[in-house]
Every structure is written in structure tokens, then in C-alpha cells.
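Biologist: Could you walk me through part of this structure, taking one question at a time?

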Amino acid sequence: MVTSTTRRTALALTAIGAVLAPAAPAVAAPGAPAAASIDLRADVNRDGRVDVTGTTDTAGEDIWSPARGAVFLPNIDDDTKRCPKTGPGGKPLSDAKLAACNDAADAVVNGTADLADLARVRAVPVTGLPATATGAVSVPAGGRYTRVFVKRATGWAHVTGKTRLTAAELRAGVEFAVESTDIVRDSKVWDGRAVIRLTVTAPGRPAVRDDITLRVAPLLTHHHLQKAQQVLVTRVPGTEEYALLQQAFVKGLAKEAKAAGITAPLVTFDKYQDVWAQDFVEPGYVSMTGPDGRRQVIRVMLRSAQPDREAGRELFEKLRGNGVGVVQVTGVRDSEEWTLNSMGNLETIPPYAHKGRSFPAGRIIMGERKDDGSRPAQVMRTMLASQGFQDPLLLDTSWLHVGHVDEFVQFLPAPGTPRGWRIGVADPEAGMKLLRDAQKAGHGKTRMFSVPDSEERLAPKETIDKALASKELVADNALAAARIKANLAVLQRETGVTDAEVVRVPALYTRGTEQVGERGDRMPRLSRLGAGELSEAVGAYGQQKRLDRREGRAAGPGTVMTSAYVPGAVNGVLLGGDRYLAPRQWGPVIGGKDIFTAAVTAAYTGAGLKVSYLDDWYTYHLGMGEVHCGTNTLRDASAAWWKP
């Protein structure tokens with residue numbers, strides 16, 4: 001407890017950000033009665049209960065650490081679905097107006113579901129108060145982003161600078177509920193901490209006060225040790241050839257999700273036909289412990305830092321609701337390369353600790369182009385780093401035409417291993433060895449790809465001999481192997497993963513092309529992969545609008561950018577702890593077996609996973625993406641993010 005003359009914290013009453021001012025403390029008269037004892041409590045030990053009789057929530061209540069300290073949520077969902085999706089007359093709302101509405105946008109507790117998202121703070125009943133005593137609440141730190149409600153007989157009332165607590169309320173003990181109006185965007189502006197202060201005054205007595213410190217829950221991204229609960233994908237309507245192929249992909253995906261034990265139906269994006277469901281959103285979450293000891297979770301859909309990517313609007317229009325919020329960043333600079341801001345360029349290493357650094361909620365990786373210094377948007381990187389838990393690690397994706405980390409690396413569950421997970425990487429050397437071994441065995445005339453022809457779909461005619469005779473293909477895969485090796489070294493240095501904990505999956509890469517679709521950013525090297533008009537549909541249906549470097553910016557000298565030649569097996573989706581869905585390989589068929597399928601299956605089964613395949617050749621592969629690029633997952637967020 002603190003009096004007006006002895007303060008427990010160093011926070012001034014008039015600190016920047018305070019929005020609620022307490023009453024001016026009275027000056028004690030000579031011989032006045034002793035001050036009453038004021039004691040604020042919060043869920044410091046994070047067990048879901050505010051202890052007002054014992055001491056479990058007292059130690060360290062004025063400081064905050066990753067392991068201990070009260071947590072409150074950014075209340076950015078829309079529990080009653082009151083937020084408008086369109087403006088007057090059905091006109092589209094601006095992105096800013098879509099983002100402006102959520103449960104924290106008003107000073108009202110919007111029902112029981114909304115109340116569950118608010119953290120509790122309690123004032124221990126005060127004894128010895130005269131009837132003239134009053135109490136006031138202020139937020140001397142973090143007040144700009146913090147809202148407090150007080151529980152009264154008539155319901156929950158918003159606490160303002162004019163709110164006064166009566167002596168009767170203080171004697172009985174007061175309950176407060178606290179929400180944040182936003183996530184942490186920049187820790188230099190706000191580090192997420194809020195100090196709640198209760199000040200009690202009475203004529204002729206010294207003013208007394210007490211503080212309690214809370215920190216807003218960090219926005220965290222999912223990792224692959226969290227169980228997949230629902231799968232997201234875009235559905236393309238119509239009867240055109242590409243639409244039918246995409247519908248078949250969605251149907252196959254639903255079947256695979258069900259086989260993996262995912263009972264929730266697919267979430268389909270239907271409005272904007274952006275088929276790259278991995279790229280315009282990254283599912284995340286915020287959580288605290290609820291009153292029953294379970295995690296109170298708000299899913300947060302993190303929109304890609306691509307303001308002109310319309311598909312991100314459907315996150316507000318369709319997904320935002322009870323327990324689901326959406327975050328978008330603003331201030332993306334025109335000079336920042338567009339494709340690096342896709343969320344396929346954001347993956348998460350599962351939890352680990354190494355060399356004195358601990359990441360109990362996992363750690364983000366993102367790709368950058370070291371050849372010309374391009375990086376994902378600064379405002380996004382600042383926001384991610386400001387959460388304080390998943391410090392983004394940048395890898396070099398200069399050698400990839402699209403430039404996303406999901407094109408060459410993944411993380412796979414591995415129970416019983418030191419960290420509980422392994423690193424999966426594409427292995428171009430293994431891919432080239434498969435071709436060379438097949439050639440040595442006399443199969444050089446075998447077609448490189450077994451994907452079937454049709455009138456609408458033209459499969460490539462290249463043979464194994466022709467592929468190996470290509471100096472470009474050999475050079476491209478030597479480059480890819482060297483760059484993957486360098487990135488793997490960074491990951492091993494940071495995490496401590498050994499070579500024995502690396503799963504190497506056969507792969508092949510080929511250099512990209514400057515030819516792009518009218519609305520697309522991932523058009524393939526048509527001369528090598530073939531496809532005719534259908535491949536251009538990959539660009540026409542919901543592609544990113546710019547893959548090439550921004551106007552006036554070129555790749556670094558001698559830079560070669562590649563994409564998957566054989567469908568990239570590491571660019572698949574983990575559907576269960578032991579179930580992995582890879583893109584169908586369509587590799588050379590020798591002796592009745594696809595040699596790439598056999599080798600990829602062996603790699604994953606050797607890592608304890610059951611692997612199945614889904615055809616994405618025309619729907620995604622020809623657009624320089626795979627199954628992972630076209631899907632997304634909502635994962636279990638019930639574990640405590642602060643525990644190793």
C-alpha cells in the first residue's frame with residue numbers, strides 16, 4: 001500500500017497517458033486518525049483468480065515479467081457482431097472504418113461474452129473508513145490504451161475522471177474490469193503496460209492510494225506444435241476450367257482435413273477470389289487465464305501489410321465476430337517490396353531455448369532480399385517485435401522469385417526429441433541425385449513430369465535427359481542448395497538444432513521469369529513447365545498484383561531468382577501431429593512409381609509423419625506456389641504462452 005507521502009511505485013500521478021484523474025489528496029490535520037489501508041489486487045500469478053484474502057497475488061504486483069504479472073486483453077473482437085460491414089446504401093467502407101469498430105471502440109460492456117474478455121482487478125475491503133470517504137480510479141501509465149469499468153448494482157459502469165466510489169462500496173470491496181483498446185503497435189510509443197491506481201480521500205485524513213500493474217497480452221502467431229483445428233481456403237465459383245480445378249482442390253482439402261481428425265468445416269473465402277489464402281492473412285491469438293482456469297482466447301487475424309490487397313477486407317467482413325478480431329497495420333512505404341509482405345513469408349519456429357534466450361511461444365521467421373536490401377514492411381516488423389515474445393529472425397530469400405520462407409523451410413513435430421520438433425528443408429541436391437540416378441539406370445528418355453494432358457491443359461514434354469542437359473537447371477539447383485544451406489546454418493545457430501534433427505526433403509528449383517499475369521504475381525517459366533492459357537488463369541484468379549520489384553528497383557547484380565520446378569513438398573500443410581499434406585509431385589514415373597513421390601514419402605515417414613498428397617499443379621504450382629500457399633490454419637491456443 002502507498003500513502004500520499006510514501007509511494008510504492010515511481011509513477012507520477014500526472015504521467016503522460018493518464019486519462020482518469022483522481023481527486024486531489026486532502027491535507028491531514030494535526031492529530032488526524034490514521035490513514036486506511038488500500039490494497040488493489042489482480043491475477044498476478046495467472047491462475048484465473050484474484051486472491052483478495054491470501055498472498056498469492058501480492059508478490060511482484062508492481063512489476064511485470066514474462067513469467068509473472070497480471071495480463072489483460074486487447075478487446076478487439078466483435079462478440080455481438082454489431083460492427084457494420086458496409087456503409088450507407090450498402091457502399092463499401094474504407095479499410096480504416098472497417099478496422100475502427102470492435103468491442104473496445106465503445107465504453108460499454110457488450111454482453112457476457114464481452115465481459116469474459118475483460119481482466120479483473122479487485123480492491124480489498126477497506127475497514128475504518130468514515131462515511132465521507134470517497135475513492136477515485138486513474139490510469140497513470142498506459143491510460144491512452146486502457147479502459148476500466150466498475151461493477152455496481154446497476155451493472156458495469158465505465159470509469160471516468162468524474163467517477164467516485166462511495167465509502168460503502170470501498171468497505172464492501174470493489175471489483176473492476178479492464179480492457180485494452182489495441183494491441184501494442186510500437187513499444188517505443190507504448191510498451192503494453194497499464195498501471196491502475198485507486199486513491200481514497202476523506203476530510204481530515206491523509207489521502208491513500210495503491211497501484212497495480214498489468215500488461216496487455218502479446219499478439220502471437222501459431223506454430224506447428226499447436227493442433228490444427230480448422231482449415232481456411234479460397235473458393236472460386238463458376239464453371240470455367242480453372243474454377244472447376246480449384247473447386248476440386250477445395251473438395252480434396254476438405255477430405256484430407258477430415259481424415260486428419262479436423263471436425264470443423266473449412267472456412268472459405270468467397271468474395272475476392274484471391275486464391276492465396278496463406279498470403280493475405282496470418283492467424284494469431286491473444287490470451288489470458290479466465291476465471292475457470294482455462295485460457296480466454298481472442299483469435300486475431302493479422303492482415304498482410306499490402307493495403308491494396310482487397311482480400312484482406314474479407315477478414316473484417318466475414319471472420320470478425322465473437323472471439324475473433326482483425327489487426328491491420330498502416331504506414332507501409334511505397335519503397336517496401338510488395339511480395340515480401342505476404343504472410344507466406346512469415347512462419348514460426350516452435351518454442352525453444354538456446355544460449356540464454358527463451359522463446360516459450362515460438363519465434364517468427366521472415367524472408368528478406370539481401371541482394372538489394374529489401375525487407376518486409378518496417379511497420380509490420382516493428383509491431384511483431386514490439387510484442388516482446390517472438391523476436392522476428394530474418395532469412396535470405398534473395399534467390400527465390402516470390403521470396404517467401406515457406407518455399408524452402410518448415411517445422412515438424414517430433415515428440416521425444418530435445419525440442420519436440422525438427423526443421424524440414426527442401427533438398428535440391430537430393431532432387432538432382434534422383435534424376436541422375438534415374439539417368440544412369442537408363443531412364444533418361446522418361447518424361448520429367450507425369451501430369452496428364454488434356455485439350456485445356458498442356459503438360460510439359462521435358463525428359464530427364466533434357467532437364468539434366470540444361471545448364472540453367474543445374475546452376476539453379478546448385479544456387480538453391482547453397483542458399484538453403486546458409487539459411488539452415490542461421491536456424492541451427494539460433495536454435496541449437498543439430499543435423500540429426502533436420503529432415504531433408506527432395507526438391508528442385510528453376511529460375512523464374514519476368515512474365516506476369518495481368519492480375520498475377522506468380523507466373524511460371526512457361527517454356528519449361530508448359531500449360532498454355534490455363535496457367536495464365538492462375539494469375540487472373542486473385543493473385544498478388546505485383547511480384548516484380550517496385551518501379552525503378554532492380555534485383556542485385558547477377559541475381560538469379562528461382563521457384564519450385566517439381567511441386568515443392570515442404571510447401572505443404574501440417575494437418576495433425578502426425579499428418580502432413582504435400583502437393584502431388586507429378587515426377588518421373590519409373591517402374592510404375594513416381595520417384596519424387598517415393599522419395600518425399602520416405603523423408604516424411606522417416607520423421608514419423610503420415611504423408612498424403614493433393615494435386616495443385618494447375619491451381620497453385622504454375623503460379624509459383626503450392627498447397628501451403630493456398631491454405632491457412634487456425635490452431636489450438638489453449639496453452640499458456642508464458643510457460644516453456
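Predicted model: local features only at pLDDT ≥ 70, side-chain atom pairs only at ≥ 80, totals over all residues.

Biologist: In what order do the 3 strands of the open sheet lie, and which are the edge strands?

Modeller: The 3 strands follow the order β28-β29-β32, and their pairing is mixed. Each edge strand pairs on one side only, and these edge strands are β28 (573–576) and β32 (610–614).

Biologist: Which residue of β29 is the bridge partner of Val573?

Modeller: Strand β29 (residues 579–583) is joined to β28 by 3 bridges, and the two strands run antiparallel. Within β29, the bridge partner of Val573 is Leu581.

Biologist: What angle does the direction of α4 make with that of β32?

Modeller: Helix α4 packs on the sheet, where it touches β28, β29 and β32. Another helix, α12 (residues 595–606), lies across β29 and β32 and runs at about 145° to β32. For α4, the angle with the direction of β32 is about 165°.

Biologist: How far apart are the end C-alpha atoms of helix α4?

Modeller: Helix α4 (residues 241–259) has 19 residues, so at 1.5 Å a residue it should span 27 Å. The model agrees with this expectation, because the end C-alpha atoms of α4 are 27 Å apart.

Biologist: Which residue with a positive phi follows α6?

Modeller: In helix α6 (residues 378–386), the buried residues include Met380, Met383 and Leu384, and among the strands that cover the buried residues of α6 are β11 (205–216) and β16 (295–303). After this helix comes a residue whose phi is positive, near 85°, and that residue is Gly388.

Methods: Residues numbered from 1 in each chain as written. Heavy atoms only, no water. Buried < 20%, exposed > 50% of the residue type's maximum accessible area, 1.4 Å probe, protein only. Helix = DSSP H or I, 4+ residues; strand = E, 2+ residues; numbered from the N terminus. Contact = heavy atoms within 4.5 Å. Expected span 1.5 Å × (residues − 1). Pairing = 2+ DSSP bridges. Axes fitted to C-alpha atoms, helices over the stretch in contact; angles between N-to-C directions.
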